[in-house]
Amino acid sequence: MIVGMTSGKNTRGSIPGRRKLKRTFSLSTESLAYLEAAAQKHRSVSEALEMIIRERRQQAEIERISAGIRRYYDTMSEEERAENDAWGEFVLANLAKD
């Protein structure tokens with residue numbers, strides 16, 4: 001069960017003007033142990049959880065962008081691929097001169 005309420009306090013280390021919401025979660029003992037171990041590198045369990053979420057969001061964004069790049073190259077025609085290769089060779093040849 002998740003219970004929420006808005007905290008009007010600006011807690012240490014938080015971004016001014018951003019409110020944090022208080023939540024209560026039930027976690028497995030394994031998840032809680034992992035979170036508490038991660039908290040050793042941070043000021044609090046809350047900060048550790050924020051960092052885990054931030055890192056996961058960044059990783060998801062990297063994966064989304066990589067998938068788009070792969071999709072682009074996978075759908076290139078042979079003509080586009082040849083043009084792309086020619087530009088690559090041109091750039092490499094001109095970089096070697098500098």
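A: Helices (H or I, at least four residues) and strands (E, at least two) are taken here as DSSP runs, numbered from the N terminus. The model is a predicted one, in which local features need pLDDT of at least 70 and side-chain atom pairs count only at pLDDT 80 or more, while totals for chains, interfaces and linings use all residues. Residues are numbered from 1 along each chain as its sequence is written, and side-chain values use heavy atoms, with hydrogens and water left out.

The protein has three helices and two strands, which follow one another in the order β-β-α-α-α.

Val-45 belongs to helix H2 and, with a relative accessibility of 36%, is partly exposed. Leaving aside residues up to four places away in sequence, Val-45 touches Leu-35 and Ala-39 (a contact being heavy atoms within 4.5 Å). The C-alpha atoms of Val-45 and Leu-35 are separated by 6.6 Å, although these residues are 10 apart along the chain.

The whole structure holds two salt bridges (a side-chain nitrogen of Lys or Arg within 4 Å of a carboxyl oxygen of Asp or Glu). In one of them, Glu-47 pairs with Arg-43, and their closest N and O atoms are 2.9 Å apart; Glu-47 is partly exposed at 24% relative accessibility, and Arg-43 is partly exposed at 48%. Another joins the side chains of Glu-61 and Arg-64 at 2.7 Å, N to O, and both of these residues lie in helix H2, three residues apart, or about one turn of the helix. Glu-61 counts as partly exposed because its relative accessible area is 36%, whereas Arg-64, at 52%, counts as exposed.

Together with Arg-18, Lys-20 and Arg-57, Arg-54 forms a positive surface patch. Such a patch is made of residues with over 30% relative accessible area and no salt bridge, like charges being joined within 9 Å; Lys and Arg count as positive, Asp and Glu as negative, and His and the chain ends are not counted, with each charge placed at NZ of Lys, CZ of Arg, CG of Asp or CD of Glu.

Conventions
Patches are made of residues with over 30% relative accessible area and no salt bridge: like charges are joined within 9 Å, nonpolar side chains (Val, Leu, Ile, Met, Phe, Trp, Tyr) within 5 Å. Accessible areas come from the Shrake-Rupley method with a 1.4 Å probe; for residues, only the protein chains shown count as cover. Buried means under 20% relative accessible area, exposed over 50%, partly exposed in between (1.4 Å probe, protein chains only).
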